[in-house]
Amino acid sequence: MAMTTSDHYFSEKQVSPSTPTTYAVNVRKLQLTLAGDRGVFNHGELDWGTRVLLENAPLPSGGELLDLGCGGGAIAAALATLRPDAHVWAVDVNERARDVARRTMTLNSLTNVTVAAPDEVPAELVFDAIWSNPPIRIGKSELHDLLDRWLARLSSNGCADLVVHKNLGSDSLATWLSGRGYEVVRHASKQGYRILHVTPPPHF
Ligand SMILES: C[S@@+](CC[C@H](N)C(=O)[O-])C[C@H]1O[C@@H](n2cnc3c(N)ncnc32)[C@H](O)[C@@H]1O
């Protein structure tokens with residue numbers, strides 16, 4: 001993959017100066033301290049879509065869990081706190097986001113999270129659950145490639161919960177996923193977000 005250097009939150013390298021922050025959030029009865037920084041998605045506040053996912057997605061029972069596109073690590077930190085016996089992978093292409101996510105885990109004394117670049121995740125690993133606020137703004141074909149890559153790594157009885165706003169294409173994404181053979185159940189929220197609950201085809 002070509003190295004990108006700009007200030008999109010999904011670029012591998014950030015050119016803006018680092019300005020680290022921390023902030024407190026209450027979500028799903030958890031009190032978390034989150035790290036943030038410039039060039040990292042929604043730094044300084046919890047995204048509404050992320051909150052909708054955290055408040056409403058069915059909690060995985062454990063095993064190997066993935067926060068796909070972890071940003072500052074809010075989802076990974078919540079999963080790791082709610083499921084201390086699970087192992088959580090927090091994966092992001094943005095190097096600064098990975099640094100911020102590591103800081104989030106330290107701030108919350110979480111030792112059951114591995115923060116990694118996509119290619120650092122062992123190839124043989126399969127996931128029992130994926131939670132993601134996916135990077136819609138990378139473009140449709142890039143998003144489809146991303147989901148093809150990681151949903152294929154769900155265990156046969158695994159599932160993924162993806163939060164996407166209806167104005168950002170949740171319905172067309174659900175249709176695309178169904179066309180790939182996944183079973184997709186849509187849960188609507190008042191704020192216009194959809195949680196797509198995705199399970200692999202039976203022959204997986
Ligand atoms: C919408 S943000 C969500 C961030 C965080 N999970 C949250 O909820 O606050 C999506 C994240 O996906 C990351 N991303 C973009 N392309 C990616 C890729 N190919 N592999 C992994 N992460 C990617 C971006 O860098 C960004 O941090």
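In this predicted model, 7 strands form an open sheet of mixed pairing, in the order β5-β4-β3-β6-β7-β9-β8. Strands are DSSP runs of E with at least two residues, and helices are runs of H or I with at least four, both numbered from the N terminus. Two strands pair if DSSP finds at least two bridges between them. The edges are held by β5 (113–116) and β8 (183–188), each with a single partner strand, so one side of each has no neighbour in the sheet. On average, neighbouring strands are turned by 15° against each other, direction ignored. Strands β7 (residues 154–165) and β9 (residues 193–199) pair in the antiparallel sense over 6 bridges. V164 stands opposite R194 in β9.

Residues are numbered from 1 along each chain as its sequence is written. Local features need pLDDT of at least 70, side-chain atom pairs count only at pLDDT 80 or more, and totals for chains, interfaces and linings use all residues.

Helices α1 (residues 48–56) and α2 (residues 74–82) pack at about 15°, with axes 10 Å apart. Axes are lines fitted to C-alpha atoms, for helices over the stretch in contact; angles run from 0 to 180 degrees between N-to-C directions. The two helices are therefore roughly parallel (an angle under 35 degrees). T50, L53 and L54 in α1 meet A74, I75 and A78 in α2, contact meaning C-beta atoms, placed from the backbone, within 7 Å.

The ligand is surrounded by 21 residues, the closest being F10, T50, G69, G71 and P135. Near means a C-beta atom, placed from the backbone, within 6 Å.

Technical notes:
Parallel < 35°, antiparallel > 145°, perpendicular 65-115°, else oblique. Contact = placed C-beta atoms within 7 Å.
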